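Dear colleague,

I am passing on the structure we spoke about, and below it you will find notes on what turned up when I went through it. Please read them with the coordinates open beside you.

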Amino acid sequence: MTDTASSTAEQDAVRAELRGLVRAFCADHLPLPQVRRAIETDGTDTGYDPALWRRFAGLGLAGLAVPEEYGGAGQSLAEAAVVAEELGRALAPLPYLSTVLATSALLAADAGVRAEHLPGIVEGERTATLAQGDGVRVEGGRLTGTTGPAPDAASADLVLVVADGGLYVPEAAERRPLTSIDGTRRIAALAFDGTPARRIGDAPDPGPAMIVLAAEMAGGARAALDMAVAYAKVREQFGRPIGANQAIKHLCAELLVDVEAAAALAAWAAREPSARAAGMALAYCGDAYAHVAAECIQIHGGIGFTWEHDAHLYYKRAHASRFLLAAPDALYTALIP
Amino acid sequence: MTESPDAFEKRARAFLDAHLPPRPARTPSDRVALLEEIDPEREAGTLRAAKRWQGLLYDAGFAELDGERADAFAALLSRYDAPDLQPLLVGLHIVAPAIRAHGSDDLKRRYLRPLLRGELTACQLFSEPDAGSDLASVRTRAVRDGDSWVVTGQKVWSSGAHHADLGEALVRTDPDAPKHKGLTLLLVDMHAPGVEVRPLRQMTGGASFNEVFLSEVRVPDADRIGPLNGGWTAAITSLSSERAALGGTVDAVPPDLVERLAEQARRRGVLTPAARARLGRLDAALTAAAQVNRSAGLDPAAAASISKLLVNRALALAVEAASAVLGPSLAADLGDGDHAWAEFLLGAPALRIAGGTDEIQRTILAERHLGLPRDPR
């Protein structure tokens, strides 16, 4: 029988190692000047470097929670969430969230479908995403209507659509790129007009992607806090660092509370997934990220409002992400039956 | 060698079945208090029951469990009508850890087991009228006399001092040293001559704390916790344990607070989507306060301060929710049974002060954990 205490310690060690790996990958390949390239284009490109994504997948990081029989690492959502937290911290423009959306949906599909699609996605050879088709009708195996915004939906090789309680693979899709305040993640809607589509399963559990996005936002909030604190230590006014004033240092402490609470909720939801935990973590991490990113700009003062400064990247990522999968108020409301 | 979670649960369940009746169903007019108040009529019985229960827990090996087992045990325990351990908490979670970390072997041998078994109760004698947030400025003097110290001064905010056997006192032993370096921690016999305890009436109308007057109280040097003039470090251990005990267990908050507020709102027909969202936020803040203490890689001292601040954010949301739902019944006893919530409303301000004010927690987090410049001291 396994000792729970030591297995928890082992899991913590595995996750710490994974965290270090992803942090080093982002430091090597995606420092902020590199990330900024994604926001300096007209927005019609993939928004990320496909070769870098293949390299990331080559480290076994694209299919962490996918079973080994489909080429994945056979780990749990908790490990996938650790990776997300680090990617969020780096604001990494990589199709990680879209990949989790697609792979977690495919895992609930028929065995044949899983074997057909998962290995290529996990290896980084093909990209995939999932769009919510609340506005899409299904009639006689054909889709009509427009989906909500989905990450990487303009560039993904495979698009999955949730419509009318089922999971569909459409034969084709009109990709409609959408302008987002967040230049580090491309989003698009998919439009259908009587497009034939194959039903491959029931509507998937949205939980895993919600938890991964929650973790990503917790990581982003931590980076915004680190940026604010670093500046508060070096920026001097009235002859001393602004961080010597309680107005600033207590604000930083409050932001630390937001960051650690968000990280703790995301990690808890990833360890013990449930609809309740997913909704709570996503809503809370979104609130925390938006708040920390906003105060990060304030602590910087005027310089924080400039295009050249990186503070706005977090602010924009926070506000774009927190509504991407669900509205926070609806999530909080759902916690109280 | 190690017991599986299932085997542990089975053993715990058998133990609880043998000693406790199941928990009775909750009623809307049950107490929702945040502070335990001193009640001379009931106190002796409560204390006796707590001591007996802690002894049983200790002897059966359920008194000091690690994280996951503690959670599993607490979850099981919530289904039973267990005696309230409140009168013992200072001894268990504040004084015993300080003795364990800093006490001599002799001190540990004499006091640790009796404290952990609940045979002895303890209180803290830290704050003074002029030493609150600036705790290191305490003035209570201890003067050496042979093998003893003679202690004189006034302490305040001492929970449980009226029934405590032992007091963990922070006293000044070197008035000429810098303020942090002239302090020593002594274990005072609360039954000794010269100790006078007076309950302190607070804004709720009740009393949860005491003032303690020490007049030439003799304390053997053998009852010193940690080195002479090294009391500040030992006191910090106690304060961190206190924060962990206060915030970590989120114990002060009624465990079913969210459900009870939702029930009240439902009964009154005001459980609107906006009200549900507000209660959902409260639910998330309370869950975060509990989960922060389980964060891998987060320093436990930081976690304790963060958890305390989260509990207080949650309480602010809860007070807002209670006001919105109960309205006038919160302000006055309208005979509907809901005025019990006034106790919650009136107790809430204390939690932002006790155990180190929220402002002190922010200073600690900013300086020790974020490395921001220190306040002038």
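**Annotated spans and domains**

In residues 211–323 of chain A, the end C-alpha atoms lie 14 Å apart, and the span is 77% helix and 4% strand, where helices (H or I, at least four residues) and strands (E, at least two) are DSSP runs numbered from the N terminus. Please bear in mind that this is a predicted model, in which local features need pLDDT of at least 70 and side-chain atom pairs count only at pLDDT 80 or more, while totals for chains, interfaces and linings use all residues. Residues are numbered from 1 along each chain as its sequence is written, and chains are lettered from A and ligands numbered from 1 in the order in which they are written.

For residues 211–323 of chain A, UniProt lists "domain: Acyl-CoA dehydrogenase/oxidase C-terminal" in an unreviewed entry; such annotations may be inferred rather than shown by experiment, and the positions are given in the numbering used here, with feature names shortened.

The domain assignment, which is automatic or taken from a database, gives chain A domain 1 (4–202) and domain 2 (207–335), and the centres of these two domains of chain A, taken over C-alpha atoms, are separated by 23 Å. Their contact takes 22 residues from domain 1 of chain A and 26 residues from domain 2 of chain A, two residues being in contact if their C-beta atoms, placed from the backbone, lie within 7 Å. On the side of domain 1 of chain A that touches domain 2 of chain A, helix 4 (77–90) and helix 5 of chain A are the elements that give two or more residues, and helix 4 of chain A supplies the largest share, 10 residues.

**Contact between the chains**

Between the chains, 36 residues of chain A are in contact with 34 residues of chain B. Helix 8 of chain A gives the most to the side of chain A that touches chain B, with 14 residues. By class, that side of chain A has 23 nonpolar, five polar and eight charged residues, with Ala, Val, Leu, Ile, Met, Phe, Trp, Tyr, Cys and Pro counted as nonpolar, Asp, Glu, Lys and Arg as charged, and the others, Gly among them, as polar.

**A helix pair in chain A**

Helix 5 (residues 96–106) and helix 6 (residues 111–123) of chain A pack with their axes 10 Å apart. In this contact, Thr99(A), Ala102(A), Thr103(A) and Leu106(A) of helix 5 meet Val113(A), Arg114(A), His117(A), Leu118(A) and Ile121(A) of helix 6.

With best wishes

Definitions and conventions. Axes fitted to C-alpha atoms, helices over the stretch in contact; angles between N-to-C directions.
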